[in-house]
Amino acid sequence: MRKPKLQSPTGMHDILPEDWKYFQKIYNVCEELANFYEFAKIETPILEDTELFSRGVGLATDIVEKQMFSFKSRGGDYLALRPEGTAPVVRAYIEHGMHNLPQPVKLWYFGPYFRAEKPQLGRYRQFWQFSFEVLGEAGPVIDAQIVQIFYNILKDLKFKDLVVSVNSIGCSQCRPCFRRLLLSYFRPRESFLCSDCRRRLRENPLRILDCKEEKCQMLVSQAPQMLDHLCEECHKHFKDVLEFFEELSLPYSLNPYLVRGLDYYTKTVFEIFPSLTSQEPKILRSSSDEEPSQGQVFIPKFRNKEDENNIEEHAKVGALVGGGRYDNLAKLLGGKPTPACGASAGIERIALLLKEKGLKIPAAQKPKVFLAQLGELAKRKTLKLVEEFREIGIPISESLGRDSLKTQLNRADKIGVKYTLILGQKEALEGTIIIKEMATGKQETVKLEKVVGEMKRKLKTKN
Ligand code: AMP
């Protein structure tokens, strides 16, 4: 019987060199912005105690209930491949006593996450995210700045029409009342809900609001909205966030059905979508909404059919970024109460769109010199020469594994180097080397020990 071919696990991919170029580009932009906004880099382990996620993210969330790769270790510990990064970072914040540092603590990270989802375009079982978190700061200005940072990263990556979808899901003061309202709305209508939402009704009724099933959406469109039931503090916080958005000219749309799949969020939640329509993003409001009188909080409604269609269009591509405020998470994980806000972006989705848009990524460093060799002695000397060029900082290319001079010269031609250095058997014995200028074909012979200095002079390379 023929052995089945070995392949990467379902929903998990190799990142091939042509893809890593995009990952690297995204990393570089993140790093530049992290430095500007003074975020320090942190990396947490890929494996964590399963309990970190069941406690932090929430037992009744899809991520924990259905999607976590968890197992019992040989030592008997229950471990999970991290499905998300915020709970681990908050665990690290508590474990390393970061509350003793000047607050807020601003951290960023970039790495792989694991969720047993049904694989499809832009949705994988191992996927990469970059994330920015601000811990120890309660003010709404941070929520706006986090959104602005992700917006800037995507802008720097040449994304044009981006839309920030935003909502407030309240806090432990106002959410329980809203939950009760939702229950009394959905319970009599339970038989019209999909099977998942019937379960959600018992475990996590807020999640019904972002169900994608048409029959649930019909009911949701008439359901009470959290924005109408925020406590005074959450109302003020949200109003301030929106005012900061206006100040920053961030194109946003209110989406009262945005709840996100993780339990730890409080107050602001948001997602950033690439806009598929050419029209300018706008604040979504229904024709019946009225401008607020002074001092009144104006919360526009999301009711217009055309606007809903727009959001549906965005949803097809999937959100590029998701995040929000999580003021209760540190306490939930056994730390001091620590208000915090952060977000994560899906790197595969961003890379996919960059590729689709044909974003050209220039090679990091184009070799200027090719080292060609013929014969055993020449090969040995060339091997050493490679190191001398590295030390002096001149990028080179070689084909040490090749023996045919013709093949090597063809390769030099293809790469488009300025000079090829040829070390044949005769030159290797005499301690010389040929410098060939590719544009003119002019050749000269120099002493081998002088060639690096000579090339430096010719290329006027700064050391
Ligand atoms: P989340 O951690 O669920 O808030 O997701 C944040 C971002 O990560 C999303 O907006 C997506 O861009 C990306 N993302 C989440 N889950 C996946 C997945 N299974 N595959 C690829 N990207 C994902």
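Predicted model: local features only at pLDDT ≥ 70, side-chain atom pairs only at ≥ 80, totals over all residues.
A polar contact is a pair of N or O atoms within 3.5 Å; within protein, one atom must be able to donate a hydrogen and the other to accept it, and residues adjacent in sequence count only if both atoms are side-chain atoms.

Residues are numbered from 1 along each chain as its sequence is written, and side-chain values use heavy atoms, with hydrogens and water left out.

Let's start at the ligand. Around the ligand there are 15 residues, each with a heavy atom within 4 Å of it. Arg 115, Glu 117, Tyr 124, Arg 260 and Ala 319 come nearest. Arg 260 puts a polar side-chain atom 2.2 Å from a ligand oxygen. For Gln 129, a polar side-chain atom lies 2.9 Å from an oxygen atom of the ligand. Gly 346 uses its backbone: a polar atom there is 3.2 Å from a ligand oxygen.

Next, Arg 325. Is this residue buried or exposed? Arg 325 is buried, with a relative accessible area of 0%. Buried means under 20%, exposed over 50%, and partly exposed in between, using a 1.4 Å probe and protein chains only. Arg 325 sits in strand E10, residues 321-325. Helices (H or I, at least four residues) and strands (E, at least two) are DSSP runs, numbered from the N terminus. What does the side chain of Arg 325 reach at 3.2 Å? The backbone oxygen of Glu 137. The side chains of Arg 325 and Asp 327 also make a polar contact of 2.8 Å.

Now the cores. A nonpolar core is a set of buried Ala, Val, Leu, Ile, Met, Phe, Trp, Tyr and Cys residues joined through side-chain atoms within 4.5 Å. The largest one has 108 residues. Among the members that touch the most others are Phe 130, Phe 132 and Phe 245. Helix H5, residues 140-156, gives this core its largest share, nine residues. Contact means heavy atoms within 4.5 Å. Leaving aside residues up to four places away in sequence, Phe 245 touches Ala 144, Val 147, Val 164, Val 166, Leu 250 and Tyr 252. A second, separate core has 21 residues, including Tyr 419, Leu 421, Leu 423 and Val 451.

On to the sheets. Two strands pair if DSSP finds at least two bridges between them. Axes are lines fitted to C-alpha atoms, for helices over the stretch in contact, and angles run from 0 to 180 degrees between N-to-C directions. Strand E15 (432-437) pairs with E16 in the antiparallel sense over five bridges. There, Ile 435 has Glu 444 as its bridge partner.

Last, a three-strand open sheet: E2-E4-E3, paired antiparallel. Strands E2 (47-49) and E3 (70-72) are the edges. The twist averages 35° from one strand to the next. E2 meets E4 (78-81) over three bridges, and Leu 47 stands opposite Leu 81. Helix H2 (50-58) packs on this sheet, at about 70° to E2.
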